[in-house]
Amino acid sequence: MHNTTHVLHNRDAMTAGFYQPLPPTTFVVDKALSHCGRTDMLTLMVMRWNQQKFNNLATALTRRYQKTTKALQSQLQNLESMKVELAVTESQLEDWVNDVKDWADAITTTTNDVDALANRIEVLVASVKRRSQRLYKDTDGNKGRARIRRKIREEKGILTSLVETYNRMVPNTETLCLETILSGETAWPWQLPHSDSVDLRTKRKAFDIIMSVRRLQEEQKILVAEMDHHWKYLSTRAETLRELSCLFASETLQSSLCGLSEDGLKGLQSIIHKKQRKIRDMRVQARDCYLQVLSGAVHTNFLNKSSADDYDSDFEISDDEL
């Protein structure tokens, strides 16, 4: 009833602990609005979402940085535990990384039928295991689970055919069993022989941890760069508004404005002051958020260049001016 009587009302719903805008209902889109009306409404909704993202950008970057830092610390602990467990050094781990890269290059460039089958079998096994883990973790609907189960059955059928073909092409000592390779971590026959007596499965485990650490470190650098860009944008916008406010406050410009009454000039100055107040609040929030997660880091120069007094003194705006 609400939708039929207030078709243009912007509706919100509590989703994941936050109010999120809802798209128009079928009644609004199909019966109440024309094509141009639908386009205008979607445009307004997109503008609103973009404004929300802009207002919450500092908080979003801060939370993402905290999440990345937590994951990085966990991976670093896993790496240290592996180094202690296997009694290896940094140079040995780097050699293992190079061995895995060489093995991957050899697989992608090989023309041998047996190697191609082995590569295809390994990919399918990893895909089946990944989909099986996602079955109840990422999917909460029956349709989604049914789609994943159907895909698992298809891949298992292809895998069975490939395993049978592979077993006919290799010696009996290197044959594969479908149930065994799907049961858990598999030491593939083509991965076992190595000159340093370390199987490729162990090297790949170390490789995955090291690559995860490097990716998370790179993501940290990207997030710091995004914080820097956001802070510079807010600073530039604040400086532009300050110059504009000084310009409109000058008597020379006031006397040269044609067609603008005194009340109109005051209204324009009031709008500029409100924008200054908003940018000031956003800079305070951004600085507090960024210093909270970047304190002690080496990438805080963009925050240390200006103190809180630098932008508090520029925006001393009274309520009467607003």
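1. A word on terms to start: a salt bridge is a side-chain nitrogen of Lys or Arg within 4 Å of a carboxyl oxygen of Asp or Glu. Lys83 and Glu80 form one, with their closest N and O atoms 3.7 Å apart. A search of the whole structure gives ten salt bridges.

2. Please keep in mind that this is a predicted model, where local features need pLDDT of at least 70, side-chain atom pairs count only at pLDDT 80 or more, and totals for chains, interfaces and linings use all residues. Residues are numbered from 1 along each chain as its sequence is written, and side-chain values use heavy atoms, with hydrogens and water left out.

3. Helices here are DSSP runs (H or I, at least four residues), numbered from the N terminus. Lys83 is buried at 15% relative accessible area, while Glu80 is partly exposed at 43%; buried means under 20%, exposed over 50%, partly exposed in between (1.4 Å probe, protein chains only).

4. Helix 9 has its own examples. Asp228 and Lys232 meet in a salt bridge at 3.5 Å, N to O, and they are four residues apart in helix 9. Glu239 bridges to Arg242, with the closest N and O atoms 2.6 Å apart.

5. Do look at Trp231 too: Arg283 lies over its face, 4.9 Å from the ring centre. For this, CZ of Arg or NZ of Lys must be within 6 Å of the ring centre and within 35 degrees of the ring normal.

Conventions: Helices (H or I, at least four residues) and strands (E, at least two) are DSSP runs, numbered from the N terminus.
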